[in-house]
Amino acid sequence: MFRTFLFDIIKAKRYRFRLQFHQRQNNISFWKSYIDGEWVKAEDRKKYEIRNPVDDEILCCVPDMSIEDCQKAIDAAKYAFHSNEWSSLLAKQRSDLLKCWYDLLIENTDDIADIITAESGKPIKEAKREVLYGSSFIEWFAGEARRIYGDIVPSPKVDHEILVIKQPLGVAGVITPWNFPLSMITRKVSAALAAGCTLVIKPSALTPLTCLAMTRLAEEAGFPKGVINVVTTSDTRTIGEYMCNSPDIQIISFTGSTRIGKIVYSLCSKTMKRFSLELGGNAPLIVFNSADIERTARHVLAAKFRNCGQACVAANRIFVQEGIYEQFLERFKEQVEDLTIGNGRCESTQIGPLINEDQFNKMCEFVKDAREKNARILIGGEGLPKLGKLFFAPTIITDVPPEAKVCSEEIFGPIAPIIKFKTEEEAIQKANDTRVGLAGYFFSENLQQVFRVAKCLEVGMVGINEGIISTTEAPFGGVKESGIGREAGRQGIDEYVDIKYICLGNLKY
């Protein structure tokens, strides 16, 4: 069983992982990475520590891989793509491998969730939901692997036939963030594998263990050697740039900040490689007078505070119409005050720690800036050192001026700025007053308003009377500076295929 050969979790105040491919040095477990079907150390034997954000305890070490290691992964993926072991597989065979991987992930949901919670601090209930959500992409694209259809196009000539087929791009480079260490990977790699691509995955330096665990299950599912390769590294910039510059990688799929996304965009242009960018957001959430206050408050809570607010689609600016402003604020405040904050291992925990000190300091700066600009801190606004140095109290800020940083920058934390507005036109103007446009939300019981506002919001995804909108079946992505391309849905696989036109001439009928 997976638990037996992958890891053991001792249910004390400490986490301990025991892997088939681990070593133990100085009482610290060492996990190897995965290249060309082998569990390996870094070429220069360097490693770095993975820490639990709850108490800064060292969980284990992983290989701190270099450019040489990355090139080995690229070479392995390139060879696997062109070898008969992968390129000759039928779509049904790729589909069957993905289905097997999905089944193994579901079978081991609790164990994978424990790893997610240990390295990211995410509450265990959210971690379990992430495993189910992330696995659903594998299930979905297992089906889509058999539906990569081409076309037969009517020809303008009697003796010609026109065929259009779709073929896999080749090696896909996947660069993912820390906030959803499983689903950010599966949303990309399941589409790439379904299309017939091979992979070089660079997981976040902060949360590589989830990636390694799910890769172990992919190995068990039977993926051929070289098809999936994982490069763990603390030198994110160097390895990321190397992947973007490599002529052997045909597409880079990146999720992260808009600032870094622009660098990836520029680097990929040097080799004219395809790229798919899912970048930052500044999601508006609008509550109109006609909204159901009780239901809306619950959904706003989820949209804002899920994963401690560390989500690219998290509500960033909350606009409430003046007719229900006070009533909504009172109910929302009550619900925020009822949130349970603590160690994610506890089943009752709803809010865990921030991922690192940079995120914590950023929250402190947002609150300081808001105070200096005469905003009011209704609740929260400070750290919770009794719980741990990375815990920050869920915060509501009111009377927020437009020049406050919480209005113009992505918060990525448990701070909810509440802004009063008068008219629908004013709300739409304020919502769209940003250079990014990933997700947007609004709450209204007015049917005409629902259609009007949904079309006016300058975002790639709209949630109406709903705070959690991500789903496998729908395309995920943004407009403006929130990215290029779409993930998930039937559109997701198009990022990983080339369209080829075949002309058959001089046919005799």
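The model is predicted. Its chain holds 16 helices and 24 strands. The radius of gyration is 24 Å, close to the 23 Å that the globule rule gives for 509 residues, so the chain is as compact as a globular protein of that length.

**Overall shape**

- Along the principal axes, the C-alpha atoms fill a box of roughly 75 × 70 × 40 Å.
- Of the 509 residues in the chain, 57% are buried.

**Salt bridges: strand to strand**

- The structure holds 30 salt bridges.
- One of them joins the side chains of Asp-498 and Arg-274, at 2.8 Å from N to O.
- Asp-498 sits in strand E24 (residues 497-504) and Arg-274 in strand E13 (residues 274-278), so this pair ties together parts that are 224 residues apart in sequence.
- Asp-498 is partly exposed, with a relative accessible area of 38%.
- Arg-274 is also partly exposed, at 28%.

**Salt bridges: helix to loop**

- Arg-295 and Glu-445 meet through their side chains in a salt bridge of 2.4 Å, N to O.
- Arg-295 belongs to helix H11 (residues 293-305), while Glu-445 lies in the loop between strand E20 (439-443) and helix H16 (447-456), so the pair connects parts that are 150 residues apart in sequence.
- Arg-295 is partly exposed, with a relative accessible area of 29%.
- Glu-445 is partly exposed as well, at 45%.

**Salt bridges: helix to helix**

- Glu-424 forms a salt bridge with Arg-452, and their closest N and O atoms are 2.7 Å apart.
- This pair links distant parts of the chain: Glu-424 is in helix H15 (residues 424-431) and Arg-452 is in helix H16, 28 residues apart.
- Glu-424 counts as buried because its relative accessible area is 11%, under the 20% cut-off.
- Arg-452 is partly exposed, with 40% relative accessibility.

- Arg-187, Lys-188, Glu-278 and Glu-487 form one network, joined by salt bridges that share partners.

**Negative surface patch**

- Asp-103, Glu-107, Glu-139, Glu-220 and Glu-473 gather on the surface in a patch of negative charge.
- Asp-103 is placed in helix H4 (residues 91-107).
- Asp-103 has 46% relative accessibility, so it counts as partly exposed.

Notes:
Residues are numbered from 1 along each chain as its sequence is written. This is a predicted model: local features need pLDDT of at least 70, side-chain atom pairs count only at pLDDT 80 or more; totals for chains, interfaces and linings use all residues. Side-chain values use heavy atoms; hydrogens and water are left out. Patches are made of residues with over 30% relative accessible area and no salt bridge: like charges are joined within 9 Å, nonpolar side chains (Val, Leu, Ile, Met, Phe, Trp, Tyr) within 5 Å. Accessible areas come from the Shrake-Rupley method with a 1.4 Å probe; for residues, only the protein chains shown count as cover. A salt bridge is a side-chain nitrogen of Lys or Arg within 4 Å of a carboxyl oxygen of Asp or Glu. Lys and Arg count as positive and Asp and Glu as negative; His and the chain ends are not counted. The place of a charge is taken as NZ of Lys, CZ of Arg, CG of Asp or CD of Glu. Helices (H or I, at least four residues) and strands (E, at least two) are DSSP runs, numbered from the N terminus. Buried means under 20% relative accessible area, exposed over 50%, partly exposed in between (1.4 Å probe, protein chains only). The radius of gyration is taken over C-alpha atoms; the globule rule is 2.2 Å times the number of residues to the power 0.38.
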